[in-house]
Every structure is written in C-alpha cells, then in structure tokens.
Amino acid sequence: IYERRPVLRGPDPERRHEANARDDDTPIAHDAPLSLPEGASPLLLGLGVLLDVVDRFLDAGDLLGILIGDLDAEFLLERHDQFDRIQAVRPEVVDEAGVIGHLGLFNAEVLDDEVRDTAAGEVLAHRDAGLATADDEDLDRLAIAVIRGLAMDAPLAANSGHQGTAMALAPLAHVLYSRVMRFDPSDPHWSDRDRFILSAGHGSMLIYSLLYLTGYADITLDEIKNFRQWGARTAGHPEYGHAGGVETTTGPLGEGISNAVGFAMAEENQRARYGAKIVDHFTYVMAGDGCLMEGVSQEAIGLAGMQELSHLIVFWDNNNITIDGTVDIADKTDQITRFEASGWHVQAIDGHDPVAIDAAIVAAKADPRPSMIACKTHIALGHAAQDTSKGHGALTDKAQLEAAKEIGRAHV
C-alpha cells in the first residue's frame, strides 16, 4: 500500500521524491512496502492504514460510511495511493529530440486549485499580476505548434486522414492537458482521472498527439508515424483498448457525446455514494456539428440537463463546416439556445484563444449544471483549405502544409 507510483515525467528520481513528500516534509517510503513487526496483527496494520486515510482525506461522514460499509475498500485504498499524485507540479517536458512539449500531468499546484475555484475573470487577474511569463506564452505557442504539426504530418505520411479538426482544436487540447485535466500516463486506469472523449473521432490525430506528448507508453513516435497502418494502435478513429488514454471508441457521429453523458452519470453516482474526497473527476468532450445533428445526441443532452451533471463539460467545435459544405445547407438549429433549453450552462468563446478557453472552463466548473462551451474555430486553420469542406482532410500538398504551420504559429 505504501509503495508510490511515479507522479512526474522525467528521468530524475529525486524530483519524484521531492514531489511525494508530505506537508511536513517527512518523506514517504517509496522503495519498499511497509513491513510488519514480528508478531504484529495484519488487522492492526489495516487499522493503521484506515486511520492514516481518515486523517489525510476523510471527514466524520466519510468515516461513518466506512464503518457501515458504504465505502468500497478498493476506492479507499486507491484514494490513499493518490495522495501524492495530486500534489505533483507541472513539469516542462522535453522529448528525446529536444522539442519542448510543455504538457504536464495534473496542474495541481495550490495556485491552480485557487484559480479553478474562482470566477472566470480572476484567471485574467492572476496572469495580469505576472504569474504567467513571456516564456510560458512562448512554450504554449510551441506546444500548440507541435500538436498541429503532428496532426498534419501523420495523415500526410499515410496519405489518408482528417487534419482539419486537430489543426483547429490544438489550443483547446493544449489547455486541457497542460492546465486543467488530472491524469497519470503511468497509470491510465487511475479511477479518479479526468476523462477526455473526442466525440469528433475523425480528428483522431489530436488525441494521439496528446497521448504521445504527455508520455502514454502505448503511443510512441513510431505509432504516430504508422498512423492508419495495419496493426498500428493509431487507427483512423480512436478505439478503446488499443491504447491507454482512449476512454471509448468514437467515430460514428453522436456516439462520443452520448457515451460521455453515461461517463458523467457514473461519476455523479459514485461521488454521491463515496464523497467528493474519493471521487471528483470531470468528463470533457469535444464534439462537432455532425455529432450534434444526430438524434441520439439530443436524448443524451436532455438527460444530462435533467440530471444536472455538473462534472460534464462539452466543447462544441463551432466551425460552420460539414463535409458537404456550410452547416446551413443541412441544419439551422441554434445550438446555444438548444443547450440552454435543455438545462445546460452555455458560453461562447474564441476557440483559438488559450486565455479565453481557460477562463471558460473555470466558469463552467463553478456552475452546478452541465456546461457547453461554443468554441468558434476555423477548420484547417492557416491552410489554403481553411473554412471550407476540403479542410476536413486529405491535405497532401506539402508546401501548403508548411505554410499552414507558419500561419498557425503566428495566429496563436
């Protein structure tokens, strides 16, 4: 029980020990399990673990739940094992090629916890006070550029795939994975991880890029290079079970957002049973116009609003483009009004602005309803096919892709 999993990426084990220290700076044992004195009862050990958990995480109500059997032992021990995981600082990630990814694991610093609990405007106040440096902004731009570059180059090598969605949503993905979400690439099935569901599954290179850059073992650079090839984990659409970090299979329109409502209902149920100190994760969804046009999405959206699933946040990729042309040739639904009528909290932002994205997420978390954030984006941002149906994918002109990389870097 007392063995700790690594909580930081990076080769330096001392950093992990530093991050895994208690508040009183007394280091926790990492290298060996707790040993029992000769003749000691395992029951006493179990009681000691229980009291430690109670002291560190639980209130009287939680303890009562344990005593009457409401709290599952697996959840209890998992939470005990997570103590240091959520104390991790966000590292600057440098891959073997020397490319700075600046994509961290948890964003669990005290300042970030405070930011998440404040009104959206205070995000800007923190940054105006100098808490975000020019170097941070440069790293943000570089990280977004790397995500976009991978999303362009892998389909080019495969001569197949959809680049446009990933090119547009890279800033949003970067904010989620570097500032907001809590997860552990070394333990993809950690029970209280935040969930990310790419409902617009055709943009699979977006999630594959993120999983590679944040250190998930299943998605290597070789897997990226083998995008859409036989036997590769990097299929044309994300498939559950092929790689850690892919929470559910998506691709058929409407499937991802509907599954996400189920994910959020499960979290709500577990949080009500076990308490927010045991279960308190969010489900984040990226959905496009095609997902919202499907009838099944309305059933799921209405259910989420009725159940007030406060830990569900959907990002609508509002680019006004379908594979056939502009959205209005097929659908005239006012999506913002639709979600509002279904009981959701709704915001509209510039989907390419990391500051606006961050602030919108803070506001969404502060509201007791499920949230939809309408992100105005440009499909295939920076490419000659931007804002057209051709921007979905099969962008194979190398000169145009290089130009899109340059324009994208300047835009963000």
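This is a predicted model: local features need pLDDT of at least 70, side-chain atom pairs count only at pLDDT 80 or more; totals for chains, interfaces and linings use all residues.
Of the 412 residues in this chain, 53% are buried. The chain is built from 16 helices and seven strands. If we take contacts between residues at least 6 apart in sequence, 73% of them join residues at least 24 apart. As for the surface, the chain exposes about 18,200 Å², and carbon and sulfur atoms supply 53% of that area.

Let me now turn to the aromatic rings. How many aromatic pairs does the structure hold? There are seven. One of them joins Tyr-208 and Phe-227 in an edge-to-face arrangement, with 6.3 Å from centre to centre and 65° between the planes. This pair links distant parts of the chain: Tyr-208 belongs to helix α9, whereas Phe-227 lies in the loop between α10 and α11, 19 residues apart.

Are these two residues buried or exposed? Tyr-208 counts as buried because its relative accessible area is 1%, under the 20% limit. Phe-227 has a relative accessible area of 2%, so this residue is buried as well.

A second example is the pair of Tyr-284 and Phe-315, which is stacked, at 6.4 Å centre to centre and 20° between the planes. Here, too, distant parts of the chain are linked: Tyr-284 is in strand β2 and Phe-315 in strand β3, 31 residues apart. Both Tyr-284 and Phe-315 are buried.

Two further features deserve mention. Tyr-177, Phe-183, Phe-196 and Tyr-216 together form one aromatic cluster. Finally, which residue places its charged end over the ring of Phe-282? That residue is Lys-365, whose charged end sits 4.6 Å from the ring's centre.

Key: Residues are numbered from 1 along each chain as its sequence is written. Side-chain values use heavy atoms; hydrogens and water are left out. Helices (H or I, at least four residues) and strands (E, at least two) are DSSP runs, numbered from the N terminus. Buried means under 20% relative accessible area, exposed over 50%, partly exposed in between (1.4 Å probe, protein chains only). Contact means heavy atoms within 4.5 Å. Accessible areas come from the Shrake-Rupley method with a 1.4 Å probe; for residues, only the protein chains shown count as cover. Rings of Phe, Tyr and Trp (its six-membered ring) pair if their centres lie within 6.5 Å; planes under 30 degrees apart count as stacked, over 60 as edge-to-face and the rest as tilted. A charge sits over a ring if NZ of Lys or CZ of Arg is within 6 Å of the ring centre and within 35 degrees of the ring normal.
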